[in-house]
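The entries follow in the order I checked them.

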Amino acid sequence: VLKDATDGVDVAIDKSVDAFRRLQDSGIPYVLCTNESCFSTTVLAKKLNEIGFDVTVDKILSPVSAIVQLIKENNYRPYILVNEKITDEFTQFDQTNPDIVVVAMPRNISIMKT
C-alpha cells in the first residue's frame, strides 16, 4: 500500500515514498497492481507522482490497462459501459457490432426491475 485516499485526498503512507525509491534503486523488477477502475493508468501515475512517487504508466497494472490489452490482443469490438473518466481509453477500438461488453463503474446507467 503506497497511499491513503481517505476523504478523497491522496496522501503517501508514512515512509512509503522512501521505501519505494529503495525498491527502484535495487534494480528488482516490479509492477504496481491496483483494483482502481475509475482512472486510467496515466491519471494513476500522475496522482502518485504528485505525492512523491516516481512512477511511469508502464509500471502500473490496473483493470483498465488489463482489459485494454485483452481487447487489443483478441481484436475484440467492445460495447463500453464505463465511468466517464476512462472512456478515452476505449475510443481506439471499433465498437460497431460488439462482441464483448466492458463494464467498469458506470455512473450513468441504472438497472430497473420490471
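The model is predicted: local features need pLDDT of at least 70, side-chain atom pairs count only at pLDDT 80 or more, and totals for chains, interfaces and linings use all residues. Residues are numbered from 1 along each chain as its sequence is written, and side-chain values use heavy atoms, with hydrogens and water left out.

I placed Val101 in strand β6, residues 100–104. Helices (H or I, at least four residues) and strands (E, at least two) are DSSP runs, numbered from the N terminus. Is Val101 buried or exposed? Val101 counts as exposed, because its relative accessibility is 56%. The cut-offs are under 20% relative accessible area for buried, over 50% for exposed, and partly exposed in between (1.4 Å probe, protein chains only).

**Salt bridges.** I searched the whole structure and got five salt bridges. Each needs a side-chain nitrogen of Lys or Arg within 4 Å of a carboxyl oxygen of Asp or Glu.

I looked at Asp10 next. Its side chain meets that of Lys3 in a salt bridge, 3.0 Å from N to O. Asp10 also bridges to Lys47, with the closest N and O atoms 3.2 Å apart. This second pair links distant parts of the chain: Lys47 sits in helix α2 (residues 41–50), Asp10 in the loop between β1 (3–4) and β2 (11–12), 37 residues apart. I noted Lys3, Asp10 and Lys47 as a network of salt bridges.

Lys3 is partly exposed at 28%, and Lys47 is partly exposed at 23%.

I then checked Arg77. It forms a salt bridge with Asp99, the closest N and O atoms being 3.6 Å apart. Arg77 is in the loop between α3 (63–74) and β5 (78–82) and Asp99 in the loop between β5 and β6, so the pair ties together parts that are 22 residues apart in sequence. Arg77 is partly exposed at 26%; Asp99 is partly exposed too, at 39%.

I also looked up Thr96, in the loop between β5 and β6. Thr96 is exposed, with a relative accessible area of 53%. From Thr96 to Arg77 I read 6.7 Å, C-alpha to C-alpha, across 19 residues of sequence.

**Helix α3.** I finished with α3, which has 12 residues. It reaches 17 Å from first C-alpha to last, close to the expected 16 Å at 1.5 Å a residue; the expected span is 1.5 Å times one less than the number of residues.

Which residues of α3 are buried? They are Val64, Val68 and Ile71. They cover an arc of only 65° around the axis, so they lie on the same side of α3. That arc is taken from the directions from the helix axis to the C-beta atoms. The buried residues of α3 pack against β5 and β6, with contact meaning heavy atoms within 4.5 Å. After α3 comes Asn75, whose phi is positive, near 50°.
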